[in-house]
Amino acid sequence: MNVRSSPRLRAYVSAGLVGLAAGLAVGSPEPVLVGTAFLVLAIVGILGGRTVPLRVSIIEWPQSMIEGEKRRIRLRFESEGDAGRTYATLNLSPGLKVVDADGARVVGGDRLMIPSVGRRVDVLITVEATIWGRHRVGPINTYTEAPLGMFDVGQMSQDRQTWVVVPEEVALRRLLLPLETNLHAGDLVSSLRGSGSEFADLRAYLPGDDPRNINWRVSSRSDGLWVNERHPERNGDVVLLVDAQVESNTGLAEVVDRSVRLGAALLKAHARRRHRLGLVTLDGMCRWIGPGSGEFHRRRLLEQLLGVFPGQVLWEAVERAVVRAAKRPAMVIALTPLMDPNMAGMLNVLRRSGIDVAVIEIDVSDQLREPERGDRELGRRVWAMERDRIRSRLSGAGIPVAVWQREDPAEVPLNQLDARRTSWRRQLG
Amino acid sequence: MATAARLTALLSVSVAAALVAITDPGGNGFITLLGWMTVGLLTAGLVMGHRGGVTALAVGFIVRIGLVVAFDLPLDPDIWVQALLLTLSIETASISFTLRVRPVDPLTEMVRGFGTSIVVAGIVGVMGIVVAGATATGVLVRVAGVAALVVAAGWVINTWRRSGLA
């Protein structure tokens, strides 16, 4: 509890005492009149002051939100007596905005004024998430005023709650599907043979084969028995590699925003197809979560994805981490601006170890300033050529690269990658 | 909040300046200078974030009233008007400082500030009618006055200590 006198209290007490002294000095009542009035105010203000302990708890808050959504938070103010008019600072994350309050008045930003706090008052506030990320409410600072505002009592409640705000939903109708499947049942047609519904081939009957697999139409036209071979329906592992390595304060932070938005959409779409999902994020740190499934796992992935911020990672640790998270038969989808040549090297390493890799390059060209001088123009051209070389090197290693322009919907690079992979498979027969 | 703090600070300085401008110390340059110095101290306190500026304003104007009376100059306008403007200036300056450190509803605070000013003006006006024409001269009056001063100071300090706020 922090009690602080207001400037008016000092002013009134000092002026009151000086007024009395001045009245004596000059032998006239005028300064005494003003001084006495001030002293009366000060005394009334001090007598009316209370230091009532006030506790604030957050009793209802959203578990998660979608960008642009409005949800309610319920706060409970409890005190041992009547605390009077109380102001509260909610310390909301910058991405949250108070749009309405029931039981209190919003006095700017995340600050509330509760006209009177009795023993227990519930305040219901409506907040709007303006941007994705991990958001929090609390710790809540409260300020209780004396009746004449002679001093105020500041208190802090340690209760705080955090939740994730996921980016606005981007519907992806088409996805990049893993070429290899794992052993879990799913909706991907495996290239292996086994029990399933998709016809693969015919072969001669062998002892032990299930009689239900005998193809009687073919067998009736030949000497022996023939059985149908089928592709089993299996599940796929998808690992997203989100590269947020851009320098902050360069105007390129939007690249991270786009990567996270697409990443969240991909996670949701693949989770709907019941694929096992993993995530590697490269920002100031390299963090990874191996492939898994389930709601809890998806929530962990989202929390990590939404905690991404622009930064530079130490490459020594990255390769090991990525190889650990992305093992065959996983497919790796890299969302990267390809600003760092090390990224291209690491993608090559993954591809050489037999992992199916696809790259969605987040285009940064329209976010760079136009070069002002001739030498800068030349530098920009050399840089563009280097990036072309990186792309062609990746393509040469069997890694399809699609550039995602700013104005394009998210499905465009996915369709490009799918078309490229299909054409390569056709070429390879 | 920053805008509201600036606006209330501007209002406070304007009211204090208006108080100096409308009072007529009978051509006494020293009293006029003291008035403007007080406004200057308030302005400096508000600009630099020093709360002592408000105290300087209050004390400065009380001393100014004492000087006007000591030089037998007329108190023009009436003392209750001066008390009203002085309290309003103190209140708005105080609101400005409060706005800088914690959430405040400026409208509610301003309404309270006006209310306090009217109450002070009322007290001063009523007491002025009661003690009209009285003078505080003579040894007995002075001894009683000093005793009243000591008692008032002690009362304030004691109330402060017993309130548990110290």
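In the predicted model, A:Asn415 is placed in helix α9 of chain A, which spans residues 411–428. The residue is classed as partly exposed because 14 other C-beta atoms lie within 10 Å, a count between the limit of 12 or fewer for an exposed residue and that of 20 or more for a buried one. A:Ala402 stands 13 residues away from A:Asn415 along the chain, and the C-alpha atoms of these two residues are separated by 9.0 Å.

Nonpolar residues of the model are gathered into cores. The largest nonpolar core comprises 93 residues, within which A:Val332 and A:Ile333 have the most contacts. The element that gives the most to this core is helix α4 of chain A (residues 253–272), with eight residues. When residues up to four places away in sequence are not counted, A:Ile333 touches A:Leu176, A:Val238, A:Leu240, A:Leu241 and A:Leu266, together with A:Ala358 and A:Ile360. Another core, of 60 residues, lies apart from the largest one and includes A:Ala22 as well as B:Leu57, B:Val68 and B:Ile90. In soluble globular proteins, nonpolar side chains tend to be buried together.

The contact between the two chains takes 53 residues from chain A and 52 residues from chain B. On the side of chain B that touches chain A, two or more residues are given by each of the elements α3 (52–70), α4 (79–101), α5 (106–130) and α6 (139–162) of chain B. This side of chain B, when divided by class, has 34 nonpolar residues, alongside twelve polar and six charged residues.

Key: Residues numbered from 1 in each chain as written. Chains lettered and ligands numbered in written order. Predicted model: local features only at pLDDT ≥ 70, side-chain atom pairs only at ≥ 80, totals over all residues. Helix = DSSP H or I, 4+ residues; strand = E, 2+ residues; numbered from the N terminus. Contact = placed C-beta atoms within 7 Å. Nonpolar A, V, L, I, M, F, W, Y, C, P; charged D, E, K, R; others polar. Core = buried A, V, L, I, M, F, W, Y, C linked by C-beta atoms within 7 Å.
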